[in-house]
Amino acid sequence: MTAASAPPMIRMAGVDKFFGPLHVLKNVQLEVPKGQVVVVLGPSGSGKSTLCRTINRLEPIDSGVIEVDGQPLPAEGKELARLRADVGMVFQSFNLFAHKTIVENVMLAPTKVRKIPAAEARKTAMELLERVGIANQADKFPAQLSGGQQQRVAIARSLAMKPKVMLFDEPTSALDPEMVQEVLDVMTSLAKEGMTMLVVTHEMGFARKAADRVIFMADGEVVEDSTPEEFFSAPKSNRAKDFLGKILTH
Amino acid sequence: MSVLTNNLDLFLRAFGQTLQLFAISGVLSLLLGTLLAALRVSPVPVFRAVGAAYVTVLRNTPLTLVFVFFLFGYPLLEIVKIEPYTAAVVALSLYTAAFVCEVVRSGINTVPVGQAEASRALGLTFVQMLGNVVLPQALRSVVPPMTSTMIALLKNTTVASGFAVFQAGTIRDSLSEQGENVLLGLLWVAIGFVILVMPLTYVQQTFEKRWSVAR
């Protein structure tokens with residue numbers, strides 16, 4: 001943990017968000033210190049994905065404050081683009097650029113946003129692909145890779161920007177069961193290296209093993225905020241007990 | 001056949017002018033149309049409104065009226081004097097750009113929204129996202145309707161006939177002055193257009209093949 005004076009990496013205060021009449025985030029308070037791995041759990045429709053997407057303003061909020069590394073989220077424009085460059089995001093559906101090869105996918109943002117020369121960006125990209133175990137597929141197109149491989153490329157693509165914090169929006173939910181582990185392994189190694197992470201997931205194993213903290217959401221509210229041990233062994237709220245009962249008995 | 005052979009020089013010069021009108025207006029309308037499409041999908045409401053207004057006005061006005069404005073109306077404003085040929089290029093480009101805009105926009109809409117979200121999440125600006133990620137993918141689905149728009153432009157150049165701009169559409173007038181068989185002459189003009197359009201169809205097939213990527 002960092003010194004008490006350092007601002008939290010993510011701070012959300014009094015955040016409200018509506019989709020039409022639907023109140024999807026209700027007065028959310030959340031502080032994530034630097035280096036912490038937070039797993040967000042909750043039934044579908046609880047607002048956990050929306051929460052994740054508000055942090056880099058892919059979803060604008062209706063009221064409240066969101067700060068990343070002490071800086072409030074700016075309005076849409078160049079300032080926001082600069083801030084997003086420091087916030088990595090991994091999507092449920094990978095969203096690799098379909099018309100670019102694997103290595104080009106990883107190189108694009110460093111060359112365009114950070115203005116890094118192509119040769120250097122390629123070198124870094126290859127190192128990252130090596131790290132996630134896909135260097136031998138560098139010249140293929142995304143559609144030629146399996147889901148698990150695509151998601152590992154997506155993680156490498158985010159890491160290429162050297163982000164301060166990584167957001168994962170259900171990164172394994174679209175994967176075949178046998179491919180989940182390879183993606184979780186990459187995420188676990190990132191967590192061990194001290195990356196600040198906010199992970200929306202249904203993988204309880206990952207939450208137990210890699211998380212410092214578990215947030216449980218229901219109906220747009222943060223219902224529980226505790227350690228994994230405490231949450232899984234002694235959940236306080238009925239909503240959490242009900243949720244855990246449903247997923248642990250099947 | 002004699003109508004053609006006796007007036008080969010006229011036919012060649014006229015179709016040369018048609019090609020030139022088409023090429024210049026084609027390039028200009030592609031550039032302007034793509035810019036308009038970018039306006040119409042931009043996050044800034046004013047830009048979207050400008051793009052939508054442009055398309056509404058230009059697409060809903062008969063091309064002949066656009067010509068009338070630039071050849072007869074515009075000179076009365078006494079801003080910058082332009083030649084009838086230039087006026088024809090301007091009228092064709094502005095008119096066709098409205099159609100190009102809508103074709104490009106429909107192409108943009110075929111690109112999954114996740115592609116734009118991933119670009120934004122990486123810190124790309126709107127222009128970088130459009131130029132590096134969305135437009136290159138939109139191009140694939142745009143080729144057939146864009147070819148149709150360009151073929152329409154090629155044939156629309158003949159509207160300039162009514163405004164004393166020499167091109168293939170005015171061959172009829174020249175033949176008529178010389179007492180040639182006008183209907184036969186027009187048949188050759190039609191054949192000339194078929195010959196000009198065929199390469200466009202070929203270009204379409206080439207691009208469709210080149211840009212068909214595994215999905």
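Modeller: Chain B first. From the N terminus on, its elements run α-α-α-α-α-α-α-α-α. Keep in mind that this is a predicted model.

Colleague: How many helices and strands in chain B, then?

Modeller: Chain B has 9 helices and 0 strands.

Colleague: What does the C-alpha trace of chain B span along its principal axes?

Modeller: About 70 × 45 × 25 Å.

Colleague: And what share of chain B is buried?

Modeller: Buried residues are 43% of the 215 in chain B.

Colleague: What about contacts in chain B with a separation of 6 or more: how many are between residues 24 or more positions apart?

Modeller: Those account for 79% of them.

Colleague: Let's look at a helix pair. At what angle do H2(B) and H3(B) cross?

Modeller: Roughly 130 degrees, for helix H2 (residues 8-40) and helix H3 (residues 45-59) of chain B. Their axes come within 7 Å.

Colleague: What do you call that arrangement of H2(B) and H3(B)?

Modeller: Oblique. Angles over 145 degrees would count as roughly antiparallel, and 65 to 115 as roughly perpendicular.

Colleague: Is the crossing of H2(B) and H3(B) left-handed or right-handed?

Modeller: Left-handed.

Colleague: Which residues make the contact?

Modeller: From H2(B), Leu32(B), Leu36(B), Leu39(B) and Arg40(B). H3(B) brings Phe47(B), Arg48(B), Val50(B), Gly51(B), Ala52(B), Tyr54(B) and Val55(B).

Colleague: How do the residues of that contact divide into nonpolar, polar and charged?

Modeller: The H2(B) and H3(B) contact has 8 nonpolar, 1 polar and 2 charged residues.

Colleague: Show me one in chain A. What does Glu76(A) pair with?

Modeller: Arg57(A), at 3.8 Å from N to O. Glu76(A) sits in the loop between strand S5 (71-72) and helix H2 (78-85) of chain A. Arg57(A) is in the loop between helix H1 (48-54) and strand S4 (63-68) of chain A, so the pair ties together parts 19 residues apart in sequence.

Colleague: Which residue does Asp86(A) bridge to?

Modeller: Lys164(A), with the closest N and O atoms 3.9 Å apart. That pair links distant parts of the chain, 78 residues apart. Asp86(A) is in the loop between H2 and strand S6 (87-90) of chain A, and Lys164(A) in the loop between helix H5 (147-159) and strand S7 (165-169) of chain A. Asp86(A) is partly exposed at 22%, and Lys164(A) is partly exposed at 34%.

Colleague: What about Arg172(B)?

Modeller: Arg172(B) forms a salt bridge with Asp173(B), the closest N and O atoms being 3.4 Å apart. Relative accessible area is 38% for Arg172(B), partly exposed. Asp173(B) counts as partly exposed too, at 32%.

Colleague: Which residues are linked in a network of salt bridges?

Modeller: Lys17(A), Arg53(A), Glu59(A) and Glu117(B).

Colleague: On to the backbone. Where is Asp69(A), and what is its phi?

Modeller: In the loop between S4 and S5 of chain A. Phi of Asp69(A) is positive, about 55 degrees, although the residue is not a glycine. Most residues other than glycine have a negative phi. Asp69(A) is partly exposed, at 30%.

Colleague: And phi of Lys115(A)?

Modeller: Positive as well, near 60 degrees. Lys115(A) lies in the loop between helix H3 (102-112) and helix H4 (118-131) of chain A. Lys115(A) is exposed, with a relative accessible area of 61%.

Colleague: Last one. Is Val132(A) buried or exposed?

Modeller: Buried, at 4% relative accessible area. Val132(A) is found in the loop between H4 and H5 of chain A.

Colleague: What is Val132(A) in contact with, leaving aside neighbours within four places in sequence?

Modeller: Arg152(A), Ala156(A) and Val186(A).

Key
Residues are numbered from 1 along each chain as its sequence is written. Chains are lettered from A and ligands numbered from 1 in the order in which they are written. This is a predicted model: local features need pLDDT of at least 70, side-chain atom pairs count only at pLDDT 80 or more; totals for chains, interfaces and linings use all residues. Side-chain values use heavy atoms; hydrogens and water are left out. Axes are lines fitted to C-alpha atoms, for helices over the stretch in contact, and angles run from 0 to 180 degrees between N-to-C directions. Helices (H or I, at least four residues) and strands (E, at least two) are DSSP runs, numbered from the N terminus. Angles under 35 degrees count as roughly parallel, over 145 as roughly antiparallel, 65 to 115 as roughly perpendicular and the rest as oblique. A crossing is left-handed if the near helix is turned anticlockwise from the far one by less than a right angle, and right-handed if clockwise. Contact means heavy atoms within 4.5 Å. Ala, Val, Leu, Ile, Met, Phe, Trp, Tyr, Cys and Pro count as nonpolar, Asp, Glu, Lys and Arg as charged, and the others, Gly among them, as polar. A salt bridge is a side-chain nitrogen of Lys or Arg within 4 Å of a carboxyl oxygen of Asp or Glu. Buried means under 20% relative accessible area, exposed over 50%, partly exposed in between (1.4 Å probe, protein chains only).
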